[in-house]
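Hi everyone, thanks for making time this morning. I'd like to walk you through one structure, so please have a look at it with me.

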Amino acid sequence: FISFNPAGKMELSTEIKAGVLNATNNNKLAVSQKISFKDLFGAGSFIGIKGIVVGDEYVLMESGIDILDEWALLGFDPFDRAYENGSKALELEIDQFIFDDILFKLNGVAYFSPDNKFGKGHANSRSTVEGGVYYYINNKIHLRSSIRVENDPNAAIPTNDALIFGLNYSF
């Protein structure tokens with residue numbers, strides 16, 4: 001893990017993970033690159049962009065069973081979906097306080113095919129975008145209202161969008 005944080009406003013980080021100790025080719029590696037900007041214009045904003053590429057053989061399989069815990073090693077996308085062997089994804093996160101207690105939040109992820117394309121006829125391509133407003137009642141409780149839009153151009157059944165309302169309490 002390499003991280004660079006000049007002046008506290010921008011952070012650039014790179015992770016290179018090996019699925020096995022003797023990883024000798026790119027198929028057994030996972031690489032992620034993230035750049036984030038915090039409060040660039042003094043307006044309480046956060047912008048993050050992350051790209052991740054996972055080799056086709058990152059996790060060893062023996063008779064169809066993971067030898068290692070794939071999910072713990074690779075992590076999850078912004079919607080808590082585990083990255084898998086062969087994943088190629090681009091993530092976006094934007095947080096902007098509109099008022100002291102109201103936050104606008106936008107998250108998105110796009111998965112690309114092995115040949116780095118997106119759309120119908122390109123395997124593994126799909127995207128999810130969620131945008132919403134969070135109202136902070138205090139530092140432990142907030143209300144959430146958001147909409148999530150799923151797009152899987154290769155799905156046999158059309159994907160559904162979701163309207164989400166929530167009350168979150170932190171301990």
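I'll go from the overall layout to the sheet, then to the core and the aromatic rings, and end on a few single residues.

A word on the ground rules: this is a predicted model, where local features need pLDDT of at least 70 and side-chain atom pairs count only at pLDDT 80 or more, while totals for chains, interfaces and linings use all residues. Residues are numbered from 1 along each chain as its sequence is written, and side-chain values use heavy atoms, with hydrogens and water left out.

So, the layout. In sequence order the pattern reads β-β-β-β-β-β-α-β-β-β-β-β. Of the 171 residues in the protein chain, 27% are buried, where buried means under 20% relative accessible area, exposed over 50% and partly exposed in between, with a 1.4 Å probe and protein chains only. If you take the contacts (heavy atoms within 4.5 Å) with a separation of 6 or more, 43% of them link residues 24 or more positions apart.

Now the sheet. Which order do its strands take? There are nine strands in an open sheet, running E1-E2-E3-E4-E7-E8-E9-E10-E11 with antiparallel pairing; two strands pair if DSSP finds at least two bridges between them. At the edges sit strand E1 (2-4) and strand E11 (162-169), each pairing on one side only. From one strand to the next, the twist averages 10 degrees, with axes taken as lines fitted to C-alpha atoms, for helices over the stretch in contact, and angles running from 0 to 180 degrees between N-to-C directions.

Let's zoom in on E4. Its antiparallel pairing with strand E3 (residues 29-38) is made by nine bridges, and one example is serine 32, whose bridge partner in E4 is isoleucine 52. E3 and E4 form a hairpin with six residues between them, and aspartate 39 in that turn has a positive phi of about 50 degrees. Nine bridges also join E4 to E7, again antiparallel, with valine 53 partnered by lysine 88 in E7. Further along, strand E9 (residues 126-136) and strand E10 (residues 141-151) run antiparallel and are joined by 10 bridges; there, glycine 131 stands opposite isoleucine 147 in E10.

On to the core. The largest nonpolar core has 11 residues, including Ile52, Tyr83 and Tyr111. By nonpolar core I mean a set of buried Ala, Val, Leu, Ile, Met, Phe, Trp, Tyr and Cys residues joined through side-chain atoms within 4.5 Å. Strand E4 (45-54) and E8 each supply at least two residues of this core.

The structure holds four aromatic pairs. Rings of Phe, Tyr and Trp (its six-membered ring) pair if their centres lie within 6.5 Å; planes under 30 degrees apart are stacked, over 60 edge-to-face, and the rest tilted. Tyrosine 83 and tyrosine 111 make a tilted pair, 6.1 Å centre to centre with 50 degrees between the planes. Tyrosine 83 is in the loop between helix H1 (70-74) and strand E7 (88-99) and tyrosine 111 is in strand E8 (residues 102-111), so the pair ties together parts 28 residues apart in sequence. Are these two buried or exposed? Tyrosine 83 is buried at 0% relative accessible area, and tyrosine 111 is buried at 5%.

Phenylalanine 112 and phenylalanine 118 form an edge-to-face pair, because their planes are at 70 degrees, with ring centres 6.1 Å apart. Phenylalanine 112 is partly exposed at 26%, and phenylalanine 118 is partly exposed at 32%.

Last, some single residues. Histidine 142 lies in strand E10 and is buried at 13% relative accessible area; among the residues it touches are Tyr135 and Leu167. Arginine 144 is also found in strand E10, and its C-alpha is 5.5 Å from that of phenylalanine 165, 21 residues away along the chain. By contrast with buried histidine 142, phenylalanine 99 is exposed at 53%.

How values were computed
Helix = DSSP H or I, 4+ residues; strand = E, 2+ residues; numbered from the N terminus. Lists of a residue's contacts leave out its neighbours within four places in sequence.
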